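Biologist: Hello! Could you walk me through this one, a question at a time?

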Amino acid sequence: MADDTFDLPGCLERVRRRDQVAARELVEHLYPLVIRIVRSHLPRRVAEEDLAQDIFLKMFTRLEQYQGAVPFPHWVSRIAVTTCIDQLRAQKRRPEFRWADLSENEAEVLDNVLTDAHDVLPGDALAARELVYKLLDQLKPEDRLVIQLLDLEQKTIAEISARTGWNQTLVKVRAFRARRKLQKLFRELQGKEKS
Amino acid sequence: MNRFDHQWRKLITLARQAREGNDPASPFGFATRVASLAATMPPASPWIGFERVALRGLLVAAALGVAAIAFDYSNIFSGQTDEYALTDPVGEILDLS
């Protein structure tokens, strides 16, 4: 996606005429966008390349349905988001969140955050990120996505709306619901003994 | 800002400091494989989304049908039927005259 000189309309036109080279170029052009979405919403136990492949195949098979109402990358990102959510939904169960599931670093970060005992160190950032992903795993896929985009990636409500195709009110409702669930989770963790 | 907001902000700020890698290029052979697979696949039906909704609609309709029969069970099986007065307004007017 960094290549600003890429002729997307021309490439799409060639892809529609079944040009294999153009199809390859399109995949290479959109790969960073798709893999970023896949990685940030990767369901457990699913290989990122497999999921990315599914997304691209959906994109190609639905290409005739693209009317140009939204920019093409937005259209593709919606397919990517929907595919990831479907995959997460198919996995159904989110395991219960327990202290015992956390690594030593993650538990330490969580402990520091919950007790507010002392400042966490910048070196704990990776552990914090992993911890956030584990917490987000407890949310519904749609709610998880909204919080991830809003808080982690610092997207605006309008940007999230564009990427997902959900209206802004729905995005706000999902963010509210997700935060309430996270708050409940924090309360439960505070009540539990750290084993 | 309540206690949870403070805790969450603290955690998320720290998590954001862990940069994920730059956008990578596609793995070698990935684009070729995907393009070849796509060439063998038929276009998706434009009704694919509708089908999913239609199935749910069918299930809801079936449930409503069952509920309607269940609530009207006594009338159906008692052999009683409501008799509607079949009046002919035009005839009545002519009779009056």
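Biologist: Which element of chain B has the highest mean pLDDT, and which the lowest?

Modeller: Happy to start there, and please keep in mind that this is a predicted model. Chain B has a mean pLDDT of 76, and 64% of its residues reach 70 or more. Among its elements, the highest mean, 90, belongs to helix 2 (residues 30–40) of chain B, and the lowest, 64, to helix 4 (residues 73–77) of chain B.

Biologist: What does the secondary structure of chain B come to?

Modeller: Along the sequence, the pattern of chain B reads α-α-α-α-α. Of its 97 residues, 10% count as buried. The tally for chain B is zero strands and five helices.

Biologist: Thanks! Which helix of chain A gives the most residues to the side that touches chain B?

Modeller: The contact draws 37 residues from chain A and 29 residues from chain B. On the chain A side, the elements giving two or more residues are helix 2 (20–40), helix 3 (48–61), helix 5 (104–115), helix 6 (125–136), helix 7 and helix 9 of chain A. The one that gives the most, with ten residues, is helix 2 of chain A.

Biologist: How many residues on that side of chain A are nonpolar, polar and charged?

Modeller: For the side of chain A that touches chain B, the division is five polar, eleven charged and 21 nonpolar.

Biologist: Now to helix 8 of chain A: why are its buried residues on the same side?

Modeller: The buried residues of helix 8 (residues 157–164) of chain A are A:Ile160, A:Arg163 and A:Thr164. They lie on the same side of helix 8 of chain A because the arc they cover around the axis is only 85°.

Biologist: What covers them, and which residue follows helix 8 of chain A?

Modeller: The cover over the buried residues of helix 8 of chain A includes helix 4 (72–91), helix 7 (141–152) and helix 9 (168–191) of chain A. The residue that follows helix 8 of chain A has a positive phi, near 85°, and is A:Gly165.

Biologist: Lastly, what ipTM does the predictor give the complex?

Modeller: The predictor gives the complex a pTM of 0.65 and an ipTM of 0.71.

Technical notes
Residues numbered from 1 in each chain as written. Chains lettered and ligands numbered in written order. Predicted model: local features only at pLDDT ≥ 70, side-chain atom pairs only at ≥ 80, totals over all residues. pLDDT = per-residue confidence, 0-100. Helix = DSSP H or I, 4+ residues; strand = E, 2+ residues; numbered from the N terminus. Buried ≥ 20, exposed ≤ 12 C-beta atoms within 10 Å, placed from the backbone. Arc of directions from axis to C-beta. Contact = placed C-beta atoms within 7 Å. Nonpolar A, V, L, I, M, F, W, Y, C, P; charged D, E, K, R; others polar.
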